[in-house]
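Please look through the structure shown here before reading the report.

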Amino acid sequence: MLTWSFLLLLWGSLAGCENAQTEQPLDRIRATFFDPQHYVVAHEGLPIGTYTRVASLTDTDEYEFRTTLTMPSANGLILATDAVYQFQKRSPYLLSAATRTTYTVSKDRPYRVEQLYPFATSDVDRPANEASKKKYGLQDFFALELALMANIESVEGELVSVPTPFHKNVKSTKWTISYRGDQSVMVSSTVGDRATFSFQQGLPRLEELIDDTGLSMQWISVVDFDALNLRPLHVVEDIRIPVDQPIERPGTLTTLTVQFEFDDAKLGPWSTLLDARNTLTTSTEIKPSSLELFEWGGELLDRSTAQKLRPIVAEAIKGIDDAQLIVDTLVAYVNRTITYKNWNTLQSVEETIAQKIGDCTEFAQLFTALATAAELPTRTVVGLAYHESSQTFGIHAWNEVLFEDGSTRIVDPTWNQIRADATHIEFPPAYQHEIVSTLKNLRIKVLKVEHSTDHST
């Protein structure tokens, strides 16, 4: 996963360093193990998450490093990924185990657990050669920091070559010093990453790390970390994904089967949704809810906002008590009340009500707030939808409502659809910037369409 190959550089790459370091620098680093480190993660300058590292001693007397990345997904979820590395406490401090667990902050049950080390024991899954079977240790985990300490007077030039973490085929990334000032040093890698380290009493501390995708992380104090109040990313609507043929009458589409084609052949987070042929099928049929990851009930509203919404809901539904009809009514209310404006500015529900303008994000979030105030569990959905005007798929936001019988219905207040057409393809649970990066290499092939009035292929 792109995010983790990027962030693992924070505390070394868990792979062998070609130049052996002396024990003394590692002992100095070990003295700082138990000082928690906090970082703000940003995408193209917008803060979107946090990254922390905490070390401890386990019951089995091993050093354990736990790094936690927390960022919003494209589904309105807050995703967190814990990576845990355990090293022997005594020299040569070898790595004994490494795992990575991804879960949603609102739920305790993880939905992805990966064993990073030891490698699988089958011949097929073993590393490709003896070099990649090398035992990992703290020397390797802090390879970049140790190299900086050993080259503290160097102005520029090659610093260290570090193989990719947990890669079964040997791949290495070369780091060089690009700038050294009085208080800091900048290094860059052959894959486009840039990092800035400061020296605290002779020990290097990562201050900032930037990769070539626009993702970055910056050190922050504990006080500032505790005061963070991050806002979710706004839906970016200017990405257009080509299709091999126009979709006729998309508003009446009840079933759609498509095939995803990526220029670089990398599925990324889409692998959880696509079958072996890279296809998926969407439908407008009301279906039972199986979305265990989601915290139904919509975005939490503060008390003053909820009080303002209740009379609006009461006026809009005018005594209707059937849940299905309430949904229909609120879709129509949002659509006729808000004037669409194509922008990338995130505003609150109260601001949307006051200004009566917004794009699909504001339409969807207002509907979620109103439906929640009407005691209908609702969530905002982000994904791809077909735009008839451009004959392409683009990023879009809509809603899903959960009813008492356990069924759900997809609606789209932006397009005034009380049952959103089948071109609505929800993003998989993944970090939003990772999904957006895959869209630049995506093409969609239409395999089958079915409309409400006829069936065509």
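The report below describes a predicted model.

## Overall composition

The protein has 10 helices and 24 strands. Of its 457 residues, 49% count as buried. Among contacts with a separation of 6 or more, 59% are between residues 24 or more positions apart.

## Packing of helix 7 and helix 9

Two packed helices are described by the angle between their axes and the distance between the axes. Helix 7 covers residues 323-337 and helix 9 covers residues 360-373; their axes come within 10 Å and cross at roughly 140 degrees. Angles over 145 degrees would count as roughly antiparallel, and the two helices are therefore oblique to each other. The crossing of helix 7 with helix 9 is right-handed.

On the side of helix 7, the contact is made by V327, L330, V331, Y333, V334 and N335. Helix 9 contributes F363, L366, F367, L370 and A371. Sorted by class, the residues of this contact are 10 nonpolar and 1 polar, with no charged residues.

## The loops beside these helices

D321 is placed in the loop between helix 6 (303-317) and helix 7. Its relative accessibility is 74%, so D321 counts as exposed. The C-alpha atom of D321 is 9.9 Å from that of A374, although 53 residues separate the two along the chain.

E375 lies in the loop between helix 9 and strand 19 (378-387). E375 is not a glycine, yet its phi is positive, at about 65 degrees. With 71% relative accessibility, E375 also counts as exposed.

The buried residues in helix 4 are A143, L144, E145, L146, A147, L148 and M149.

Helix 10, residues 432-439, is mostly covered as well, with 7 of its 8 residues buried. In helix 10 these are Q432, H433, E434, I435, V436, T438 and L439.

## Aromatic pairs and a cluster

A pair of aromatic rings is described by the distance of the centres and the angle of the planes. Over the whole structure, a search finds 15 aromatic pairs. One of them is the tilted pair of F87 and F141, with 5.2 Å from centre to centre and 55 degrees between the planes. F87 and F141 are both buried.

F260 and F262 also form an aromatic pair, here edge-to-face, with centres 6.3 Å apart and planes at 65 degrees. Both F260 and F262 are buried. Which residues form one aromatic cluster? The cluster consists of F33, F34, Y63, F65, Y85, F87, F141 and F142.

S56 is a residue of strand 2 (residues 46-57). Is S56 buried, partly exposed or exposed? Its relative accessible area is 30%, which means that S56 is partly exposed.

Leaving aside residues up to four places away in sequence, S56 touches F34, E62, Y63 and E64. F34 and Y63 are also members of the aromatic cluster. F33, another member of that cluster, has its C-alpha atom 7.8 Å from that of S56 and lies 23 residues away along the chain.

## Backbone features in loops

S91 and P92 are joined by a cis peptide bond with an omega of about 15 degrees. P92 is found in the loop between strand 4 and strand 5 (95-104).

N278 has a phi near 60 degrees, a positive value in a residue other than glycine. Where is N278 found? N278 is in the loop between strand 14 (253-262) and strand 15 (279-283).

Conventions
Residues numbered from 1 in each chain as written. Predicted model: local features only at pLDDT ≥ 70, side-chain atom pairs only at ≥ 80, totals over all residues. Heavy atoms only, no water. Axes fitted to C-alpha atoms, helices over the stretch in contact; angles between N-to-C directions. Helix = DSSP H or I, 4+ residues; strand = E, 2+ residues; numbered from the N terminus. Parallel < 35°, antiparallel > 145°, perpendicular 65-115°, else oblique. Left-handed = near helix turned anticlockwise from the far one by under 90°. Contact = heavy atoms within 4.5 Å. Nonpolar A, V, L, I, M, F, W, Y, C, P; charged D, E, K, R; others polar. Buried < 20%, exposed > 50% of the residue type's maximum accessible area, 1.4 Å probe, protein only. Phe/Tyr/Trp six-rings, centres within 6.5 Å; stacked < 30°, edge-to-face > 60°.
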